[in-house]
Structures are given as C-alpha cells and as structure tokens.
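Good morning, colleagues. Please have the sequence and the structure open before you while I speak.

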Amino acid sequence: MKENINIAASILSADFSKLGQEVKEVDKGGSDMIHIDVMDGSFVPNITIGPSVISKIRPFSKKPFDVHLMIDSPARHVDDFISAGADILTIHYEADKHPIRTLDYIKRKGVKAGIALNPATPENVLEGILDYCDLILIMLVNPGFGGQKTIPSQIKKVKEVSNMLKKYKKEVYLEVDGGVNPLNVKNIVKAGANLIVAGNAIFKGGTNFYKKNISALRVPRVK
Ligand code: DX5
Ligand code: ZN
C-alpha cells in the first residue's frame, strides 16, 4: 500500500526580513505545512520568534502551522501560541516536567499535540505518552540550528518508533527534523517517517527553487 508523505518547510532557513512573503512562497511551492521553530535561548542555545511574529505571518498561508516549541516549561506559553494560530503544537519531552498534562491541555483546546525527542532521549519514554499525542517528532540533530547533518543513529530510532506505533495501532504523524535532504529522505521515509521537516534543503537557491526543492523531497511511502 502506498501513502503520500507530508512536507513541512522550516522557515528557520527563510529570509526573516520578509517572513510573510516567504511563507506565501513555500505554500505556493507545494509545502503541505509551515514548520515554525520557537527557541528560547535556554532549552536550546539559539533564540528565534514568539507568538506575536507567528500571528503576523498567519494570514500569509492557509496551510497548517506546525509549531515546534524548543522552550523550557512550554505549558506557560501554550495559550499564546494557540491564539497566534498554531494548528499543531509540539513540546519537547525534556523541557516539561508534566508532558502528559500539557499534551492533554493542548488537545482539549482543539489543537493537535506533538511530543519531540532529542537525539539523546530513548524512544521507550513514548510508551506512556502515545495515548495523549497526535504527533511524534524525532529530532535527527541536536535542536537549535538549521543546516546540521542528520545523526545516522536517529534513523534507527525512527524505525523503532514506527514499530511501536504499529504494535499499539496508533495512527499519528511520525515527524523528522534536522538535516533532511533529497539524498537521505528515502531511507528516512523507509524507516517510517510520514512528515518531513526541511529547512536548508527547501530554501536554498531562493524563491525560484522552492517548488523544485520541495518536489525533490517528495518520495512515495511504501507500507
Ligand atoms: C532545528 C530545527 C529545524 C531546522 C531544520 O533545531 O528544529 O526545524 O530548521 O533545518 P534543516 O533542515 O536545515 O536541518
Ligand atoms: Zn523544528
């Protein structure tokens, strides 16, 4: 059985001086979702944007906003990101003392809830959380920056999580983020990923290349 994968363009690699236009262009180029990286300078070394910027770029696309929170104690800010227009809100397992409470809260607000794992976090922590999330995000790099290389061991982790989802009969997004490019995407999809985040691989070359770059990542999923 064949099933299409979804592509989410990470605007971390976009030109921040014209972010709204960039969102419009990757939408036009065929991205299925807009991936937005929120960093607080504490959970990760980098600082990016918050809810006020997200609400400003919201009108530039009708595609789902996939908001990846790389912030400590994310529960404090969930309401603000929902008001700003997030359709999917992903928190890091390592950043929240009570991830189930936060995921449950997000879902009750009518937004899809995601849990992200850093490369050093083993996949078995997911077993107790699966019932509370719509999305699992496996970080293929240590979060904080775009343009890094995928850590090969993380692809095995994607496979393990995919097997876990089959075992528990859970149909959720299995998202990957970090260093994905047209050369490694086939293996990553083969491991079970069905939502692919890419920053550099999509934004490189400028606006005229977005469509071509997105198509190059769109490999079929064979079950
Ligand atoms: C990294 C971010 C990613 C990043 C991916 O911490 O979560 O979303 O933008 O960028 P690339 O695809 O360039 O590795
Ligand atoms: Zn991300």
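Predicted model: local features only at pLDDT ≥ 70, side-chain atom pairs only at ≥ 80, totals over all residues.

Let us begin with the metal. Which residues coordinate the zinc ion, ligand 2? The donors come from H35, through NE2, from D37, through OD, from H68, through ND1, and from D177, through OD, at distances of 2.0 to 2.3 Å. The zinc ion (ligand 2) has six donor atoms, the angles among them run from 69 to 168 degrees, and the site is octahedral. For reference, the ideal angles for six octahedral donors are 90 or 180 degrees.

Turning to the sequence, the donor residues of the zinc ion (ligand 2) follow the spacing H-x1-D-x30-H-x108-D. Within that pattern, H68 and D177 form a pair that links distant parts of the chain, 109 residues apart. H68 sits in strand β4, residues 65-70, and D177 in strand β8, residues 173-177. D177, with a relative accessible area of 9%, is buried because the cut-off is under 20%.

I now move to ligand 1. There are 20 residues around ligand 1, and those that come nearest are S10, D37, G144, D177 and G199.

What polar contacts does ligand 1 make? A polar side-chain atom of H35 is placed 3.4 Å from an oxygen atom of ligand 1. The side chain of H68 has an N or O atom 3.3 Å from an oxygen atom of ligand 1. From the backbone, a polar atom of G147 lies 2.9 Å from an oxygen atom of ligand 1. As for cover, ligand 1 taken alone exposes 380 Å², and the protein buries 99% of that area.

The next item is helix α4, which spans residues 99-108. Which residues of helix α4 are buried? They include P99, T102, L103 and I106. These residues lie on the same side of α4, because they cover an arc of only 100 degrees around the axis. R101 and R108, on the other side of α4, are exposed.

S73 is not a glycine, and yet its phi is positive, at about 40 degrees. S73 belongs to the loop between β4 and α3, the latter being residues 78-84. With a relative accessible area of 38%, S73 is partly exposed. K169, likewise not a glycine, has a positive phi of about 55 degrees. The loop that holds K169 runs between α5, residues 153-167, and β8. K169 has a relative accessible area of 74% and is therefore exposed.

In that loop between α5 and β8 we also find Y168. Y168 counts as partly exposed, at 36% relative accessibility. Y168 and I5 are 163 residues apart along the chain, and their C-alpha atoms are separated by 21 Å.

How far apart in space are residues that stand 101 residues apart in sequence? I have two pairs to set side by side. V44 and F145 are 101 residues apart in sequence, and 8.8 Å separates them in space, C-alpha to C-alpha. I57 and V158 are also 101 residues apart in sequence, but here the C-alpha to C-alpha separation is 31 Å.

V44 is located in the loop between β3, residues 33-39, and α2. At 2% relative accessibility, V44 is counted as buried. I57 is part of helix α2 itself, residues 51-57. I57 is buried as well, its relative accessible area being 4%.

Finally, I turn to N194. N194 is in the loop between α6, residues 185-190, and β9, residues 195-198. Is N194 buried or exposed? Its relative accessible area is 10%, so N194 is buried. A polar atom in the side chain of N194 is 3.4 Å from the backbone oxygen of V172.

To close, I return to the metal site. Thank you for your attention.

Definitions and conventions:
Residues numbered from 1 in each chain as written. Chains lettered and ligands numbered in written order. Heavy atoms only, no water. Donors = N, O, S within 2.8 Å, 3.2 Å for Na, K, Ca; no water. Tetrahedral: all angles 85-135°; square planar, octahedral: opposite > 155°, others 65-115°. Helix = DSSP H or I, 4+ residues; strand = E, 2+ residues; numbered from the N terminus. Buried < 20%, exposed > 50% of the residue type's maximum accessible area, 1.4 Å probe, protein only. Near = heavy atom within 4 Å. Polar contact = N/O pair within 3.5 Å; in protein donor to acceptor, adjacent residues only side chain to side chain. Areas by Shrake-Rupley, 256 points an atom, 1.4 Å probe, with all protein chains shown as cover. Arc of directions from axis to C-beta.
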